[in-house]
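Dear colleague,

Here is the structure I promised to pass on to you. Please have a look at it first, and then read the notes below, which go through what was found in it.

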Amino acid sequence: MAEQVSTEEITYCAVHPDRETGLRCNKCGRLMCAECAVQTPVGYRCRECVRAHDDKFFKGTTADYGIVFAVAVVIAALGMVGLSFIGGFLLFVIILAIPIGGAVSEVALRLTGRRRGRYSGYVAAAGALIGALAPGLILYGQLVLSLTVIVYAALVAITAYGRFRLSI
Ligand SMILES: [Zn+2]
Ligand SMILES: [Zn+2]
């Protein structure tokens with residue numbers, strides 16, 4: 001009887017001792033429940049192994065964040081000024097905001113030796129939002145939240161963020 005029990009051994013998550021699971025991290029082998037497991041391109045891993053992997057991958061320094069932020073502000077602001085010169089039509093904004101967002105991440109990656117930090121994408125997006133809103137604030141002394149400005153700011157920020165997450 002005892003042997004029968006051991007063949008159907010019930011195992012529990014290493015973090016949540018009350019949760020039954022048979023799933024193991026494919027790196028360190030610890031048991032993990034569905035909530036603790038992270039799906040990666042190489043299979044399910046525990047959060048600690050994913051974090052350790054990310055730390056090796058993300059080499060960005062604090063100075064890099066400063067550069068990324070400054071680049072995002074400047075390019076997004078220049079783009080906004082350029083767009084207002086050609087009329088700021090919504091169609092132009094939609095067409096041009098994505099390459100401008102791409103330029104933000106491309107220039108920032110070049111200036112930082114292609115190092116990325118864990119938060120580079122967020123820093124770039126925040127810089128792009130501020131850069132997009134800054135020209136209106138400086139020119140009119142107040143936040144100009146017209147549809148074109150909002151669409152522009154959102155598209156540049158999302159594109160810059162997305163490129164940071166994807167490009168190597
Ligand atoms: Zn692990
Ligand atoms: Zn768990």
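I begin with Arg19, which is found in the loop between α1 (2-7) and β1 (38-40). Please keep in mind throughout that this is a predicted model, and that every value below is computed from it. If residues up to four places away in sequence are left out, Arg19 touches Tyr12, Cys13 and Cys33. Met32 is 13 residues from Arg19 in sequence, and the C-alpha atoms of the two are 8.7 Å apart in space.

As to confidence, the mean pLDDT of the chain is 89, and 93% of its residues reach 70 or more. Over residues 1-5, however, pLDDT stays under 50, and for this stretch the model has zero contacts beyond four places in sequence. Where pLDDT is low, the predicted coordinates should not be read in detail, and I would ask you to treat that stretch with this in mind.

The domain assignment divides the chain into domain 1 (10-56) and domain 2 (59-166), and the C-alpha centres of these two domains lie 36 Å apart.

Another residue that I looked at is Cys49, which is found in helix α2 (residues 47-57). Cys49 touches Cys25, Lys27 and Cys28, again not counting residues up to four places away in sequence. The C-alpha atoms of Cys49 and Ala72 are separated by 32 Å, although the two residues are 23 residues apart along the chain.

Turning to the helices, which span should one expect for the 24 residues of helix α3 (residues 62-85)? At 1.5 Å a residue the helix should span 34 Å, and its end C-alpha atoms are 35 Å apart, which agrees with that expectation. Helix α3 is followed by Gly87, whose phi is positive, near 110°. Within α3 lies Ala70, which is partly exposed because 15 other C-beta atoms lie within 10 Å. Ala70 and Gly136 are 66 residues apart in sequence, and their C-alpha atoms are 18 Å apart in space.

Two packed helices are described by the angle between their axes and the distance between the axes. For α3 and α5, the angle is about 35° and the axes are 7 Å apart, and α3 passes α5 in a right-handed crossing. On the α3 side, the residues that make the contact include Tyr65, Phe69, Ala72, Ile75, Ala76 and Met80, while on the α5 side they include Ser120, Val123, Gly127, Ile130, Gly131 and Pro135.

Tyr122 lies in this helix α5 (residues 120-140) and is partly exposed, since it has 16 other C-beta atoms within 10 Å. Tyr122 and Arg45 are 77 residues apart in sequence and 25 Å apart in space, C-alpha to C-alpha.

Finally, please look at Arg114, which lies in the loop between α4 (90-111) and α5. Phi of Arg114 is near 60°, which is a positive value in a residue other than glycine. Is Arg114 buried or exposed? It has 12 C-beta neighbours inside 10 Å and therefore counts as exposed, given that the class takes in residues with 12 or fewer.

Key
Residues numbered from 1 in each chain as written. Chains lettered and ligands numbered in written order. Predicted model: local features only at pLDDT ≥ 70, side-chain atom pairs only at ≥ 80, totals over all residues. Domains from an automatic or database assignment. Helix = DSSP H or I, 4+ residues; strand = E, 2+ residues; numbered from the N terminus. Buried ≥ 20, exposed ≤ 12 C-beta atoms within 10 Å, placed from the backbone. Expected span 1.5 Å × (residues − 1). pLDDT = per-residue confidence, 0-100. Contact = placed C-beta atoms within 7 Å. Axes fitted to C-alpha atoms, helices over the stretch in contact; angles between N-to-C directions. Left-handed = near helix turned anticlockwise from the far one by under 90°.
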